[in-house]
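Colleague: I have the sequence and the model open side by side. Could you walk me through a sheet and then a helix?
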Amino acid sequence: MIPRRFRNWIIFWTIIVWCVLELLTYPKTVPITSGISEVIKGFFSASVGAYPAWVMLLLAVVCFAAGAVGLVRRSKAKSFNVLLLVEGAVFLAWGVLAGGGGVDGWSAAANNISYNWAIQTVVVILGGACVWLWAAGNPERAELTTWNTHQVWKLYRANWQGMVGLGILVVFILMALLAPFLADHALLDPNAQIKDPATGELFGPYHPPTTYYYNWFGTDQVGQSVLTQFIWSARISLMVGLLAAFMSTVLGAGIGIAAGFYGGWQGEGWMRLTDAFLVIPWLPLAMVLAAAWGQNYWMIILIIGITSWPGTARVIRSDVLRVRELSFIERAKAIGSSNRHIMTKHVLPNVMPLIFANLVLVVAIAILSETTLSFLGLGDPLNFSWGTMLHYAWVNGAAGLPAWWYLLPPGIAIILVVLAFTFIGTAYDEVLDPKLRKREDSTSESRFTSRGEPAIAVAGGAGVGGGGGIFTPGQQTDDAMPDFNKPAGGSIGRPEGGGWVGGHIADDEKEGK
Amino acid sequence: MDKRRYFIRKVLNAVLTIILVASFNFALFRILPGDPARLLLPKGKTDPSVIEKQRKTFNLDKPMWQQFVYYWRDTVRGEFGMSFSEKRPVTEVVAERIWPTVLLVGVGTVFATVVGMIMGVFAGWRRNGTYDIVSTNLGMVLYAMPTFWFGLLMIMLFATKLRWFPTGRMEEPGVELSGFASFQSLMKHLFLPAFTFAIAYVGEYHLIMRSSITGVMKEDFALTARAKGLSENAVLWRHVVPNAMLPTVTIVMMNLGFVMSGAILAESVFNWPGLGLLSYDSMQKRDYPVMQAVFLIASIAVIVANLIADIMYYYLDPRVQA
Amino acid sequence: MARSATKAKPTSEKKPIERVEHEGLLDVRNLTTYFKLGVGDVKAVQDVSFTLQRGESLGLAGESGCGKTTAALSLLKLLPENGRIVSGDILFDGRNLAKRTEYGMSKIRWKEISIIFQGAMNALNPVKETGKQVAEPIQLHEGLSEKQAMVRVRELYDLVGINPKRVMDFPHQLSGGMRQRAMIAMSLACNPKLVIGDEPTTALDVMVQAQILELIARLRKELDLSFILISHDLSVMAETCDKGVVMYAGEVVESGTTTDIFNHATHPYTRQLIKAFPNIHEKREMVSSIKGDPPNLISPPAGCAFCPRCDERIASCETEHPGLTEVERGHFVRCVHAKARTMDGFVPGDEAAPDQEGV
């Protein structure tokens, strides 16, 4: 019943969504001293339950609406819609139980009730089942968004840089997720100085590292544990980076597709807007915005999101321009498909992998941006990030001491995480690169998209962020002459030199007959 | 396209963009939450009569379109109001900060460009050799590294531990030097900030040049040059490098526009009295008139750098002249 | 068979062969070139032999990826970093190029063997004036100043039919045909003994193709050039060359005079190749293309390489690798059917190595 080819895709996205939710909620109420079972319960109840009851109500309304619309329009995946209604009912029940009814009750935290972790589990399982049923009900659409996880992973695994990046990232994500287990959140309290268990005395400010766990990275200017700050900072740094990049990519991809797809004044207008944003120096702008909008990490996400999209827009636009010229789009236009249809069914699936690769690279830049803003003192003063740590180290003169234990860990962590994302993005780019992938073509080509359309290619020169075109895909691996591996054109009926695209267009034309 | 039309088009384009960005600047400081008249006053001054006076001086009581006209008049005249932290005209405050920034950015950029590009050329030429692997990974690390963190490490190592260089500022406070001694002192103060500023770009230019060289080396004309019997070195420097320079030069020039970001960080860490430190200080003190001026200058720098890049491209790449 | 007979050639001598007896200008013996790839060696050129007399022209034909360009680049040792000549000799004018050092090769390149690349838009440096690029080898090999060399360049431009005033034009300012003419002028710059044309007309439109082929033919006559033409188009080869070699999957499958190859095509591949291109002199027919893909050259099939795409295959094709068989004087074919298709009245003599005979 469940298409096997969606399995990896669903698991992959479930993990990502769960990680983001988990990072978002920041469970402060689980002190490690309250017993291991409490910590575990708190850990698993945190992600959705940390929101107030009215969020549950909102989610319930969304579920009801989506399910009802689906049922009324008699969509193919009937069981999916029914399940959506059930999920909505569970959310509603959760909200009512947590709030206890009444107008004021809706602002109560949803994890007020003692068995919220059980409800949470039900919600997650139902959610997973919903996605699953949707994919089963709409195999074509699902396939357009999956673009073959197996194949990509097979190629990706061969890239050592990508694997190293993934390894580093997994370590840091685990550290961020497991922060409640690794370090007591209570130690982040401004008055919580750490004591040396051997002597029972406070370490005091700027104590160098010792073998005591919480003093592995020494103490800061007021005698707090740097290790605790370091571990909990990973949450904010990663979360802000991911969400800001997500926001920037959604904005950039939307504008890029619009600019590329529509010709004439509309496309020109979007392009002008992009160019104008591209020349605005982001740090001064971000500083002005951060100074005016106040300092919490949601604002930082917003600021990075709205200042860093033009690079993405440009890359996506150039790829859309390429895709637009492919013959199957011409054909779709010829048979009178609407712009909306062509955009969502043909253009989007073809640029989707590029958008994703770009997203990964933008995460690296977003994390650096967050660090920079926090370092300048514009970060969230209530929540530690690596940038905030460096800010405190700087303004308190750690460099003059020199308190290397305070400076090195956050900096090295930033470098590693940024490198990891860069490696992953570059490796993924290479996986998508037609020159590289040609090797697998004969077997995999038709699986990349649903109807034998030319598989996805990455236009060279992915200019991400400020500079542009550093990690140009396509120029990275192709050291051999691929010609001998699997010659380009299938037949010699046409002049040579068509190259990769030529070969595929030829295939497409054949199909069109 | 002939030369004059190309240049005129580019210049017009730049002027148009400057007008757009300056208008954005006008809008930015008015869409910010809060009363602009309050924003343009130091914190804590809430006396209604003062606010009213402020409103008058900045024409904030007039309708939006008139404000826009006044804004343009003042901007063209170079009047940005009074800095309330320094109690002096913004123009004056900004003017004395420009040269230190130009010095820092100039030295840093020249260093980064020369070193980064040469490193990149050799890495791209001997691809996958030991040097390439080492230098490229180093380049990636430099690129991923936060500039200010590197600056702090530099201070820690060279200023605190080894005491080779001062920890910051442009000159020793209270010491009057002249002639060569003052130059020497300036260089000593300049070294660390300029190096810090440059180091991130070294990584970037290295990676760009390397990938550019690799791309160009696959072109047929590189093969032609080898077939002609030219030595490897001649092929590299006479045929490959001139072509590989093109994208790199564009990116160097574009980056030159974005130096403000690097300058803010390097100058704040090293207390270098330039525009970057000024914008950091004014941000801390919420000195909006100064921020507005610095923001405008930074934007114009980007546009002018882009224009210069276009003009340079015209001379470097004959294909543009067609 | 011919294959084993040629194996005995002295390829493993320690001392570099200088001054060997040779026939004609170029004698390629058992050339084998591999590309190293992560997954294994790509056997791009295997055991290829041919000869060329002074003033003669030879065509190398086959699909893209069959190794013809690699064979040509091997002559000049211009292989990419992962390519190497595994064995074989390239005897050029009494010297064995296969054993030459990089420095030794730089004296041969262009001065004695020059090459016209496919699609001159990419073969010319876009940021350098074409005339200066043509002058470059003259300055290098003859030690002339740029000014003196430019005089020569103007003459060359005149020779190939470009207005000499255009020497300072950049490649993008010239049309495709003119760029190819400039490329030809460049190839003649140092009066080479041998010119290799690697698909010199492929990227051009039909009218210009004809003009360029005419120009090449005229120059060959006027300057008495030795010429190797690489093309995927057998008809171009037939019109321009005296002798032809048809390659498939890195091997020679048929060789002989172009008249023999064209009129008595014996290998199924050659026949299909001829059919694949319409002959402009005959009435229009449906152009047929060859079905299937060339084999993977990392692990070539044990039997005949063309077997999977062949209409005339028999059981033994899949397992036995056929050798070259002489079907008429100087006409060799690598096919099991070759013996049966020997031309009437021709009795293969002693099984001499083909490279010592005409081809």
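Modeller: Chain C holds an open sheet of eight strands with mixed pairing, in the order β6-β7-β8-β3-β9-β10-β12-β11. Strands here are DSSP runs of E with at least two residues, helices are runs of H or I with at least four, both numbered from the N terminus, and two strands pair if DSSP finds at least two bridges between them. This is a predicted model, in which local features need pLDDT of at least 70 and side-chain atom pairs count only at pLDDT 80 or more, while totals for chains, interfaces and linings use all residues. Residues are numbered from 1 along each chain as its sequence is written, and chains are lettered from A and ligands numbered from 1 in the order in which they are written.

Colleague: Which strands stand at the edges?
Modeller: In chain C these are β6 (113–116) and β11 (324–328), and each has a single partner strand, so one side of each is left without a neighbour in the sheet.

Colleague: And how do β10 and β12 of chain C run?
Modeller: Strand β10 (residues 251–257) and strand β12 (residues 331–334) of chain C run antiparallel and are joined by two bridges, with C:Glu254 opposite C:Val333 of β12(C).

Colleague: Switching to α5(C), how many of its residues are buried?
Modeller: In α5(C), 10 of 13 residues are buried, meaning that 20 or more other C-beta atoms, placed from the backbone, lie within 10 Å of their own; among them are C:Val134, C:Ile138 and C:Leu140.

Colleague: What do the buried residues of α5(C) pack against?
Modeller: They pack against α6 (146–160) and α7 (176–187) of chain C, where contact means C-beta atoms, placed from the backbone, within 7 Å.

Notes
Buried ≥ 20, exposed ≤ 12 C-beta atoms within 10 Å, placed from the backbone. Contact = placed C-beta atoms within 7 Å.
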